[in-house]
Amino acid sequence: MEKKNRNGRKVMAAFLTVSLAVGILGGCGQTAADTADAKKVEITNVSYDPTRELYEAYNALFAEHWKEQIGQDVSVIQSHGGSGKQALEVANGLEADVVTLALEGDVQVIADAGLIEDGFADEFEQESSPYTSTIVFLVRKGNPKSIEDWDDLLREDVGVITPNPKTSGGARWNYLAAWYYFESQGQSEEEITENMKTLYHNVLVLDSGARGATTTFAENGQGDVLIAWENEAFLSLEEHPGEYEIVVPSVSILCQPTVALVDEVVDDRGTRDVATEYLQYLYSTEAQKLEAENFYRPSDPDVFSDYISTSGERVITELPADGKWIVDDIALTDIAHFGGWSEASAKHFADGGVFDAIYEQ
């Protein structure tokens, strides 16, 4: 599938930001009857940084599907930013029909504000996670600092780029993946905390979101290694051929982005049916293939198996010609290991939590 480069998408993003404001104003007072009878319907998807390219392609696919099934035109307004920041924006009044955020904990913030009903994680398949990802390293061509695994990020000569866990869902996955690596080495919590202090001491820039961190590393030339979503790393290989390499660590975490209806908004605007199908269709075979083409791990096991790499390589220097990019030989933990997002957030990312203590020191 042909993809536009990120610079071109910046123009589109600016246009969508304006459109978002217009869409919010235009949605006021809409009723279910108005929406059902209209020739065209509009919904807003508030998402996180790395999904820009995925949803640009998916929105076109879904529009074709909805038109074929219902006979109605649909347009989707996109909003992207750090996942935690996006969650707070919606909780504070940014009108979204659906949210497709980096983690369940960010959706819970919106639920706690009374906009999403309880049980959202069970509303769709796979805990409302139609695709997954994991955390890898993006390094410069030739891997000049010989970075192979998480302990290499503790060296004094290594500059690290990762976003801020206070505003970015992806950054929280990064943090927990690193924590689990040191835990898997048999370290005590005190030892892990000391290593996390060292790692974050080596962080040169804490951007607010994952895409900003990618820009800092790939376009601004800062740092020796970017801790990144898998899809961000592969997009960098695609857009800057020959300039970067992906290093797949031995241990990481299964990242489960969560999708949800914003119940109060869809009921007010009369868009529940189209918004529900928008999220449900993410599980279709067509959408699952599209997600894989955009370097997300599909939840459909049959589609997933079609994209498993057979090379056995843990250092990826170019996009595989056969399209099989998923490195399946990684020891992956998940959020359940940390007690779920409520427990993990309270311990690590709440004000006064472990991350604050680490970063302040």
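Hi everyone, let me start with a term: a residue counts as partly exposed when its relative accessible area falls between the buried class, under 20%, and the exposed class, over 50%. Please also keep in mind that what you see here is a predicted model.

My topic today is salt bridges. Side chains of opposite charge can pair when their charged atoms come close. In this structure, a search of the whole model turns up 17 salt bridges, and I'd like to walk you through a few.

Let's begin with Arg-155, which forms a salt bridge with Asp-152, at 3.3 Å from N to O. Are these two buried or partly exposed? Arg-155 has a relative accessible area of 27%, so Arg-155 is partly exposed. Asp-152 comes out at 16%, and that makes Asp-152 buried.

Next, have a look at helix H4, residues 83–91, where Lys-85 and Glu-89 sit four residues apart, or about one helical turn. Their side chains form a salt bridge too, with the closest N and O atoms 3.3 Å apart. Lys-85 is partly exposed at 42%, and Glu-89 is partly exposed at 33%.

Notes. Residues are numbered from 1 along each chain as its sequence is written. This is a predicted model: local features need pLDDT of at least 70, side-chain atom pairs count only at pLDDT 80 or more; totals for chains, interfaces and linings use all residues. Side-chain values use heavy atoms; hydrogens and water are left out. A salt bridge is a side-chain nitrogen of Lys or Arg within 4 Å of a carboxyl oxygen of Asp or Glu. Helices (H or I, at least four residues) and strands (E, at least two) are DSSP runs, numbered from the N terminus. Buried means under 20% relative accessible area, exposed over 50%, partly exposed in between (1.4 Å probe, protein chains only).
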